[in-house]
Amino acid sequence: MRKNLLGRIRKGEPFSWGDLLLLTWQLSVPAIMAKITTVMMQYIDASMVGMIGAGAAASIGLVNSTTWLIGGICFAMSMGYTIQLAHAIGAGEDLRARSLVRHGLWAVFVFSLALGLLSAGLSGYLPYFLGGTADIAGDASTYLAIYALGLPLLAVNFAAGSMLQASGNMKVPSLLNVMMCLLDVFFNALLIFPSRTLTVGSMTFWLPGGDLGVAGVALGSVLAEACCMTAMLFVLLKKSRTLHYRQEELLPWRGELREATRLGIPMVLEQIVMGSAYVAFTRIVAPLGTVALAANSFAITAESICYMPGIGVAAAAQTLVGQSVGARRSKLAQRFGYASAGLGMGWMMLMGVVMYVCAPLMMALLSQDVAVIAAGTEILRIEAWAEPLFAAGIIVTSIFRGAGETKMPTILNLVAMWGIRIPLAIYLAQGYGLNGVWTAMCVELCARGLLSLGVLIWRGEELYKKIS
């Protein structure tokens with residue numbers, strides 16, 4: 001049924017509003033389930049780190065903003081090719097689509113390798129720059145260095161998965177990401193802790209262990225990414241009916257690179273805006289103490305399960321809008337945009353209620369420290385109010401990317417993050433501590449969502465007419 005509905009975009013067949021919502025939901029579900037599984041594995045991951053101690057959690061939390069920035073820049077590079085790919089598939093240009101896959105994978109690999117080596121070289125200095133103290137800076141440097149050296153694996157894995165999603169294949173990337181999460185937990189269990197004996201009922205098991213601590217967390221993730229990337233490339237280049245590798249003369253790569261650069265530069269700037277704001281946000285939290293830093297890190301992990309529906313719907317929206325644009329169906333692209341925004345906001349409103357009610361349990365799953373649980377519960381309940389409009393910001397960004405407009409999200413995020421969140425967080429941190437910082441985040445997410453919806457209504461029709 002999903003393939004039939006998706007194929008109607010290229011064939012120029014009509015869609016009812018029921019068809020729009022059904023197809024958006026069908027493409028969203030695999031992505032949502034994979035994201036939820038990913039977050040559940042992150043919960044287990046974080047709880048393993050919590051067993052080491054609050055210092056280990058704080059060291060990883062200190063550089064998380066930096067890893068988001070580095071990964072986000074690679075994400076922007078791959079999206080420059082993925083957007084073109086969705087348009088090519090929608091237009092029925094299969095040779096161009098396969099050319100974009102091959103050239104895009106190589107470009108992402110080379111770019112991420114260079115960025116990873118640079119980041120690894122700076123890993124010894126960044127924790128101190130971020131305000132980390134000597135007791136956590138060493139572990140933070142090690143974690144960042146291992147992450148940076150594994151960056152090409154993460155980047156190519158993401159690019160291959162995004163290309164499969166652009167073709168309408170949401171199921172395989174989702175299943176492989178679930179596999180990656182399970183492998184991450186498996187490798188972490190082996191690498192973080194020392195060898196030990198476990199007793200289950202009357203049975204005793206001996207488990208080997210690397211006793212690597214924080215380094216084991218990073219290394220386990222890299223090994224899991226390597227396994228997932230291998231499988232993702234196999235499906236993309238061997239099994240995909242449209243995109244698989246063939247002995248054929250490809251289109252010139254320079255034009256694709258120029259277009260990827262045109263689309264990617266605004267997204268790179270967006271990631272720099274967002275990533276640097278996250279770094280600044282961490283610097284605001286760091287002086288509040290180890291408990292605040294650990295609660296901040298765990299709360300971010302806890303919240304992430306609540307915005308998974310928004311991310312899943314956003315992935316579907318980008319594919320559907322992108323293919324509609326490629327098929328020169330501007331009105332259909334606009335309708336997919338409205339349908340996906342409404343669907344995502346409805347789901348995240350429900351998840352906000354769940355987060356508010358279950359905040360203590362969510363934090364207790366991640367930490368055994370009473371102070372960390374109490375602080376995390378308070379800030380999660382502050383953030384719960386922003387979830388519906390947070391969805392609007394996420395989904396509208398993907399709608400515009402699918403249409404080939406990558407400048408507007410950058411402008412919106414610049415205004416929201418640096419015009420609202422950071423100044424307000426600095427001000428509120430002085431009198432209200434961590435609660436004030438997260439109140440600033442809540443206000444900014446609501447403002448960004450309202451701005452995004454306003455721009456979608458105001459500029460959406462103009463954009464779709466321009467590309468029709």
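This is a predicted model: local features need pLDDT of at least 70, side-chain atom pairs count only at pLDDT 80 or more; totals for chains, interfaces and linings use all residues.
Local features were considered at pLDDT of at least 70 and side-chain atom pairs only at pLDDT 80 or more, while totals for chains, interfaces and linings use all residues. Residues are numbered from 1 along each chain as its sequence is written, and side-chain values use heavy atoms, with hydrogens and water left out.

Helices were taken as DSSP runs of H or I with at least four residues, numbered from the N terminus. Helix 11 covers residues 290-304. Its 15 residues reach 21 Å from the first C-alpha to the last, close to the 21 Å expected at 1.5 Å a residue; the expected span is 1.5 Å times one less than the number of residues. Helix 11 is mostly covered, with 13 of its 15 residues buried. Here buried means under 20% relative accessible area, exposed over 50%, and partly exposed in between, with a 1.4 Å probe and protein chains only.

Helix 14 (residues 370-383) has 14 residues and spans 20 Å, close to the expected 20 Å. Its buried residues include V372, I373, L380 and E383. The N-terminal end of helix 14 is capped by D369, a side-chain oxygen of which lies 2.9 Å from the backbone nitrogen of A371.

A nonpolar surface patch of about 630 Å² is formed by W106, F109, V110, L113, L117 and L149. Such patches are made of residues with over 30% relative accessible area and no salt bridge, nonpolar side chains (Val, Leu, Ile, Met, Phe, Trp, Tyr) being joined within 5 Å and like charges within 9 Å. A salt bridge is a side-chain nitrogen of Lys or Arg within 4 Å of a carboxyl oxygen of Asp or Glu. Accessible areas come from the Shrake-Rupley method with a 1.4 Å probe. Helix 4 (residues 94-122) gives the most to the patch, with five residues. V110 is found in helix 4 and is classed as exposed because its relative accessible area is 52%.

L450 lies in helix 16 (residues 407-467) and counts as exposed because its relative accessibility is 54%. L450 and G393 are 57 residues apart in sequence, with 7.8 Å between their C-alpha atoms.

A disulfide is a covalent bond between the sulfur atoms of two cysteines. With a disulfide defined as a pair of cysteine sulfur atoms within 2.5 Å, the count comes to zero. C228 is in no disulfide, the nearest cysteine sulfur, that of C181, being 8.3 Å away. C228 counts as buried because its relative accessibility is 0%. C446 is likewise in no disulfide; the nearest cysteine sulfur belongs to C442, 4.5 Å away.

Key:
Helices (H or I, at least four residues) and strands (E, at least two) are DSSP runs, numbered from the N terminus. A polar contact is a pair of N or O atoms within 3.5 Å; within protein, one must be able to donate a hydrogen and the other to accept it, and residues adjacent in sequence count only if both atoms are side-chain atoms.
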